[in-house]
Amino acid sequence: MEKFRAVLDLHLKHHSALGYGLVTLLTAGGERIFSTVVFQCPCSAAWNLPYGLVFLLVPALALFLLGYVLSARTWRLITGCGCRARASCGSGLRGSLVCAQLSAAAALAPLTWVAVALLGGAFYECAASGSAVLAQRLCLDRDHNCAAELPLVPCHEAKASDVQDLLKDLKAQSQVLGWILIAAVIIVLLIFTCVSRCLSPVSFLQLKFWKIYLEQEQQILKSKATEHATELAKENVKCFFEGSHPKECNTPSVKEWQQISSLYTFNQKDPYYSMLHKYVNRKEKTHSIRSTEGDTVIPVLGFVDSSSINSTPEL
């Protein structure tokens, strides 16, 4: 039991890192399966380039869109703004910043796919062998039939030995591009993390406390919501069968749900830890948590919007 508790504590403390690691491993494994089982280069001058690019880029696009769908912040942004202009949308600049953060988070899986695919080389070899532009450069000072036989190289069907040797060059190019992509992503991620932490309005330890608070708030919210929903459902079913009038059950209004579902903004004067925290403290003063002067979107605090009722495991 103690070992299970230790594993659960580890998950609660590092669930984001573990989640990203799992996504990376699944993406890499999926690419390997595609390249060895599904992918079959047609070895045709007309089809090599589009076929290779489809396998390299279309799954990456699908993973990118899936990253948006699985993000809690996406649905906070959409339901907060909707098809109508609402106060909770805030400025266009704020929405653009949130979209940029969502795009950066959603890009993890597609970049992993492209990087692993380039390191493997199969997709690039097929696509590059069908490119007329690359054929001119690769076939320089080689057999006069090189350009015509280049599309056959991925299938090891080129008759000229010096043309078939180009497969090694294509694989080397693919792997170099893969390592360049990995290095670029790591450098950009490191710079972004350093800059966002440097500009953070709260200290390192307060950020840890903040995340602990959110985990507890979401756990209690889920428990209370389940209890309230169960009570309301029991009362309605009872009244249906008995033909009686339901007891008054205080449920938050649509406006109140919208208020706590809005995108989080930080205010140095009133540093609340969540939209629920902000609503409870501001409603007594203004009956609203509309953006006020000083409310800003802070990249390092993006984890506040990522929290959802289903994101925290039950203890």
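Glycine 120 is found in helix 6, where a helix is a DSSP run of H or I of at least four residues, numbered from the N terminus. The model is predicted: local features need pLDDT of at least 70, side-chain atom pairs count only at pLDDT 80 or more, and totals for chains, interfaces and linings use all residues. Residues are numbered from 1 along each chain as its sequence is written, and side-chain values use heavy atoms, with hydrogens and water left out.

Which residues does glycine 120 contact once its neighbours within four places in sequence are left aside? They are Arg32 and Lys171, contact meaning heavy atoms within 4.5 Å. Arginine 32 is 88 residues away from glycine 120 along the chain, yet their C-alpha atoms are separated by 8.1 Å.

Helix 6 also packs on helix 11. The two axes come within 6 Å and cross at roughly 150°; axes are lines fitted to C-alpha atoms, for helices over the stretch in contact, and angles run from 0 to 180 degrees between N-to-C directions. Helix 6 and helix 11 are therefore roughly antiparallel to each other, given that angles under 35 degrees count as roughly parallel, over 145 as roughly antiparallel, 65 to 115 as roughly perpendicular and the rest as oblique. On the side of helix 6, the contact involves Leu111, Val114, Ala115, Ala117, Leu118, Leu119 and Gly120. These meet residues of helix 11 that include Lys171, Ser174, Leu177, Trp179 and Val185. By class, the contact of helix 6 with helix 11 has 11 nonpolar, four polar and one charged residue. In this classification Ala, Val, Leu, Ile, Met, Phe, Trp, Tyr, Cys and Pro count as nonpolar, Asp, Glu, Lys and Arg as charged, and the others, Gly among them, as polar.

Helix 11 (residues 166-198) has a further partner in helix 7 (residues 122-129), with axes 9 Å apart and an angle of about 120°. Helix 7 and helix 11 are therefore oblique to each other, and their crossing is right-handed. In helix 7, Tyr124, Glu125, Ala128 and Ser129 take part, meeting Leu167, Leu170, Lys171, Gln173, Ser174 and Leu177 in helix 11. The residues of this contact divide into five nonpolar, three polar and two charged. Helix 7 is mostly covered, since seven of its eight residues are buried; buried means under 20% relative accessible area, exposed over 50%, and partly exposed in between (1.4 Å probe, protein chains only).

The interior comes next. In soluble globular proteins, nonpolar side chains tend to be buried together. A nonpolar core is here a set of buried Ala, Val, Leu, Ile, Met, Phe, Trp, Tyr and Cys residues joined through side-chain atoms within 4.5 Å. The largest such core has 26 residues, of which Phe39, Val114, Phe123, Leu150, Val153, Val163 and Leu166 touch the most other members. Helix 3 (48-69), helix 6 (108-120), helix 7, helix 8 (132-138) and helix 11 each supply at least two residues of this core. Apart from it lies another core, of 13 residues, including Tyr264, Tyr273, Val300 and Phe303.

Leucine 207 lies in helix 12 (residues 204-242) and, at 6% relative accessibility, counts as buried. Beyond four places in sequence, its contacts are Arg197, Ser200, Val202, Val300, Leu301 and Phe303. Tyrosine 273 is 66 residues from leucine 207 in sequence and 9.9 Å from it in space, C-alpha to C-alpha.

Two loop residues have a positive phi without being glycine. Cysteine 43, with phi of about 55°, lies in the loop between helix 2 (15-38) and helix 3. Histidine 156, with phi near 60°, lies in the loop between helix 9 (146-149) and helix 10 (161-164). Is each of them buried or exposed? Cysteine 43 is buried, at a relative accessible area of 11%, whereas histidine 156 is exposed, at 56%.

Over the whole protein chain there are 15 helices and zero strands, a strand being a DSSP run of E of at least two residues. Of the 315 residues in the chain, 34% are buried. Among contacts between residues at least 6 apart in sequence, 70% join residues at least 24 apart.

How values were computed:
A crossing is left-handed if the near helix is turned anticlockwise from the far one by less than a right angle, and right-handed if clockwise.
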